[in-house]
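Hello,

I am passing a structure on to you, with some notes on what turned up in it. Please have a look when you get a moment.

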Protein chains: 2
Amino acid sequence: MENFNFYSPTYFVFGKGRENEVGEWINRFGGSKVLVHYGGSSAVKSGLLDRVKASLKKNNIAFIELGGVKPNPRSGLVYEGIEICKREGIDFLLAVGGGSVIDSAKAIAAGTLYEGDFWDFYCGKEVEKALPVGTILTLAAAGSEGSDSSVITHENGMLKRSAAGDALRPVFSILNPELTFSVPPYQTACGITDMMAHVMERYFTNTREVEVTDRMCEGILKAIITEAPKVLAKPDDYDARANIMWAGTMAHNDICGVGREQDWATHKMEHELSGLYDVAHGAGLAVMFPAWMKYVMSHDVMRFAQFAVRVWGCEMDFQHPENTAKQGIERWEQFLVSIGMPIRFAQLGAKAEDIPTLVKNMQLGNQTVGSFVKLTEEDVRKIYELAV
Amino acid sequence: MENFNFYSPTYFVFGKGRENEVGEWINRFGGSKVLVHYGGSSAVKSGLLDRVKASLKKNNIAFIELGGVKPNPRSGLVYEGIEICKREGIDFLLAVGGGSVIDSAKAIAAGTLYEGDFWDFYCGKEVEKALPVGTILTLAAAGSEGSDSSVITHENGMLKRSAAGDALRPVFSILNPELTFSVPPYQTACGITDMMAHVMERYFTNTREVEVTDRMCEGILKAIITEAPKVLAKPDDYDARANIMWAGTMAHNDICGVGREQDWATHKMEHELSGLYDVAHGAGLAVMFPAWMKYVMSHDVMRFAQFAVRVWGCEMDFQHPENTAKQGIERWEQFLVSIGMPIRFAQLGAKAEDIPTLVKNMQLGNQTVGSFVKLTEEDVRKIYELAV
């Protein structure tokens, strides 16, 4: 096991109707003038935004609204938000939405307390201070409600990049599974894929003897596999939605990643896909993850066999562990198909002839990506080809 | 799943040599004058206390030492600590030791900022403010390094009671598995039993559909079962000690308890045992937990069958689930024996004729204890008898 720090200070407020407490939570964390950040019209139409504003008013909290966050959130709105916060003396960011809204709010929160261009944080500078961010989550997927990171796409070149730092962890996150009842099946499945990928990026590691973390990864994956068909069959199954929602948070607050080297090559390859085609991140991951697995499996067959046996319940083939390892990848692909995910380029609208562009956009040069196997540009090209 | 709050703000600093950073961490959390609280001579002899003091001096942090915490920590030293803190203007508590030292430090931290008798918090008053507490853990067991609770025995009547509140969660906890190499086999096994019991108190619940939490509980138990024989066979097996240490923290920061009713009857029955005989808490739990299980198994046979199959790898007897359920309890008892724990009264030095006293000391009256099954005085007596 490697040395590590683990810090997840977010106050998680989970359950039915909890969004009505939002004003009390902002008070508790010292917010007095709030930017309420959200996406499209669904937060308005559903009445959620009205309930939020009622709670703020009840608690005498001043606020300004900034809607319009898009999936794969863009830099333009971040710049606008930073300007508003500086001008209006905002001291608290409230994100009402999914990962895109939360990531946009985090970028604004960091940028407001920074003299330079907020994009510096997305080019490798660590975020050391930011306005406090609270969230009301409406989509179980990205895990940004408990994570220390944020992903933004810069409109200048459509570069999709991430920033990180403890200051980006939300001070509180309100998770009401009922708010996800209206998420359509395809987005629900994209979210499920994203959270599973967050666990797997941490699971496939060269670090030995991290049994506690391994078992937590496997347990969370198994819970997702059990609950996913339930939410797709019955979108208002409260308990199933609740398990999926909490799994999404646990998948990405790094409790599944402590004490070990993590990979993240698949996320980087996917970022190029969703950058170029503006497809859903989860769908891109569904295409790229099995391809990555097939390419790297021989690096550690027993690790993949463990994944197959412990996560998917495959029988171990003790004479031919590679058969078990392969079976785990097949089961994962079958699961993705069963929840309606694409697993090949064409289903995603991606094209084989764009592979050189995708590889080029990664700007790898002579560097490598990933840690389980350090992938060169040539490796990345082959993995994209496996996904065609 | 039930509504819940989950809040674990402790900064966990895990790994080799990390205790040498303690001064930096106290600085980060605003401590300037520290009470260094510890137990017996082992922290001195091992050189740990010297390393701690060197780090404090290097960071220009003033400190006063207060040693002498005993297992099942007592109120007397808490009163002494509170007086020192008030007199000297202490603004930070550093606990160097195991759960007893940390619990004692938490009591002092709460009592220092309170006008009344600190014992009020151990009689049901919630702790709302306390001096910040940092810990350097030397024993993997109680989980106090990440928990919101503290257990103290009042010398007036030898009452063992617990206090709780978010303000009691340590601001940081330094976990270096090397510091546990010297823990003797019996105490190591007591710690393992304690952490397993912390998971099981949360696992046996009447709340339905908490699959994520179930799987995390099962995963942590399985990891402990795998790692326990390793630390006992080779006390300086770093990775095994590391897994056991982290499991102990995860077992009790409540990540295993969210969204569900918890039980805790066995802990309360054990507190009377260790109160009367001053035996190790873990040893008392090893005697009481299987007895409690045998008594309540029929309340939910399928829950116990799940425990047997998922945690212990038993084969499910689909025609007779009760056989599987019983097998799980047997496997747990066999495991306890294998790590050198007592499983009956006599092995603990407890006596059947004291059962009426044990029952009386619980002060249940017409109340019940536990939630999986609400136990009356009569039930409690029968469970003690099953443990004879």
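Below is what I found about how the two chains meet.

First, the ground rules: this is a predicted model, in which local features need pLDDT of at least 70, side-chain atom pairs count only at pLDDT 80 or more, and totals for chains, interfaces and linings use all residues. Residues are numbered from 1 along each chain as its sequence is written, while chains are lettered from A and ligands numbered from 1 in the order in which they are written.

The contact draws 33 residues from chain B and 33 residues from chain A (C-beta atoms, placed from the backbone, within 7 Å). On the chain B side, β1 (4-14), α7 (211-233) and α8 (238-250) each supply at least two residues; α7(B) gives the most, with 11 residues. Helices (H or I, at least four residues) and strands (E, at least two) are DSSP runs, numbered from the N terminus. By class, that side has 17 nonpolar, 7 polar and 9 charged residues (Ala, Val, Leu, Ile, Met, Phe, Trp, Tyr, Cys and Pro are nonpolar, Asp, Glu, Lys and Arg charged, and the others, Gly among them, polar).

Strand β1 of chain A pairs with β1(B) in the antiparallel sense over 7 bridges (pairing needs at least two DSSP bridges). There, A:Asn5 stands opposite B:Val13.

The same surface serves both copies, as 100% of the contact residues of chain B recur in chain A.

Best wishes

Notes:
Two residues are in contact if their C-beta atoms, placed from the backbone, lie within 7 Å.
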